[in-house]
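Dear colleague,

I am handing over the structure we spoke about, and below it you will find what was found in it. Please keep it open beside you while you read.

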Amino acid sequence: FFRLLLPKMGIIEKIKEIEEEIGRTQKNKATEFHLGNLKAKLARYRSQLLTEADKVAGGGKGTGFEAAKSGDARVSMVGFPSAGKSTLLNKVTNTKSETAAYEFTTLTCIPGTISYRGTEIQLLDLPGIIEGACEGKGRGRQVIATARTSDLILLVMDACKAEVQRPLLEYELETMGIRLNKPKPNLYLKKKPSQSMNVISYTSTCKTTHLSEKLCREILHGYKIHNAEILVREDSTVDDFIDVVEGNRQYLPALYVYNKVDTVTIEEIERLSRLPHSVCISCEWDLNLDTVVDEIWSMLDLVRLYTKKKGQPPDFGSPFIMRKGGTVEDLCSRVHKDMLSKFKYALVWGTSVRYTPQRVGRRHVLDDEDVVQVVVLTAAEDKNQLDARTLRDLKKKGELPLAMRKKKT
């Protein structure tokens, strides 16, 4: 048993040692190369912890915290014990989660459902984490690994302890490979198999202040990558490049929820509410709970699409829920798998078109609450739907469609 624990403790000790060295090192041009190598080593050790966490989240040995996915999106609540996560779940959903005045009331993952604007949003109440969760304390790796599968993370904190809890939560999630409210780096990295002539080509389309060709090559050599292509399209940092090399980072939106604002001053509430992506609530007074649901909806970037048949009114009862930026092609794939092969054009009513109805193609981007009528090819227009007599005549003339020749052969 102790032999199994020794490698894990060694990794954690190495992580702490590198973090202390990074903190002691001055940040300037002379130490930039050294800091880059330290950060690359730190990322490699953390990825080992992340691999172990993925194994225990909902699977592997022991009882995991993973719940079956349901609804149109998933939101996970992460926070310290007694922050009000279970109470918030009871207030905004019909699920009953046990609440009490003592810590660690919730010991497993409890799912609930928020019904809002015709969508079903799954809300997960995860057990509270403690400081050092990324190292495995309090089964924190399982909790954070379950949060990685979400579309949005709710960081629920006590308003009285916000200054202490927020940086700790961000550090624990950052260590486990979750990047909060951060876009993906505009970097391109193509790893190639090693050959007799290994070359790492570096190309930058803009001026870079943090990355250099020498630093990138040294980082890749640490990962035993000797043949690759690098294309930098923005002024990215060393951490961004390491995230691209690792390839297992999750870039998720996060909403900071400060609970128990009835115990702090008005000045503190105003300061917290002005922070980006932040909402102040009070589950005890039912204060601002509707704002939390509104913010969840807006940060998930969901759109509702309605369909209609020719000569009939739209079906507003059961919308199709898609991500913002979805196209007519994505909608056809959701409706039926064979619709794209017979697609002719679509008529759209809504804010995504200049006039209604407007005839659009399959790559048209749809907006929220658009109404779409898909027009498919008729049997005479569709060459794949030919009757037996026409098919025989075309075969004699040698004019059989290419798709049908492949089927025949």
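This is a predicted model: local features need pLDDT of at least 70, side-chain atom pairs count only at pLDDT 80 or more; totals for chains, interfaces and linings use all residues.

**Rings and charges**

The charged end of arginine 359 is placed over the ring of tyrosine 345, at 3.8 Å from the centre of that ring.

Because tyrosine 116 belongs to strand S2 (residues 110-116) and tryptophan 297 to helix H9 (residues 289-300), the pair ties together parts that are 181 residues apart in sequence. Tyrosine 116 is buried, with a relative accessible area of 17%, and tryptophan 297 also counts as buried, at 7% relative accessibility.

The other pair is made by tyrosine 306 and phenylalanine 316, and since their planes stand at 65 degrees, with the ring centres 5.0 Å apart, the pair is edge-to-face. Here tyrosine 306 lies in strand S12 (residues 302-307), while phenylalanine 316 lies in the loop between S12 and strand S13 (320-323), so the parts tied together are 10 residues apart in sequence. Which of these two residues is buried, and which is exposed? Tyrosine 306 counts as buried, at 9% relative accessibility, whereas phenylalanine 316 is exposed, with a relative accessible area of 51%.

How values were computed: Residues are numbered from 1 along each chain as its sequence is written. Side-chain values use heavy atoms; hydrogens and water are left out. Helices (H or I, at least four residues) and strands (E, at least two) are DSSP runs, numbered from the N terminus. Buried means under 20% relative accessible area, exposed over 50%, partly exposed in between (1.4 Å probe, protein chains only). Rings of Phe, Tyr and Trp (its six-membered ring) pair if their centres lie within 6.5 Å; planes under 30 degrees apart count as stacked, over 60 as edge-to-face and the rest as tilted. A charge sits over a ring if NZ of Lys or CZ of Arg is within 6 Å of the ring centre and within 35 degrees of the ring normal.
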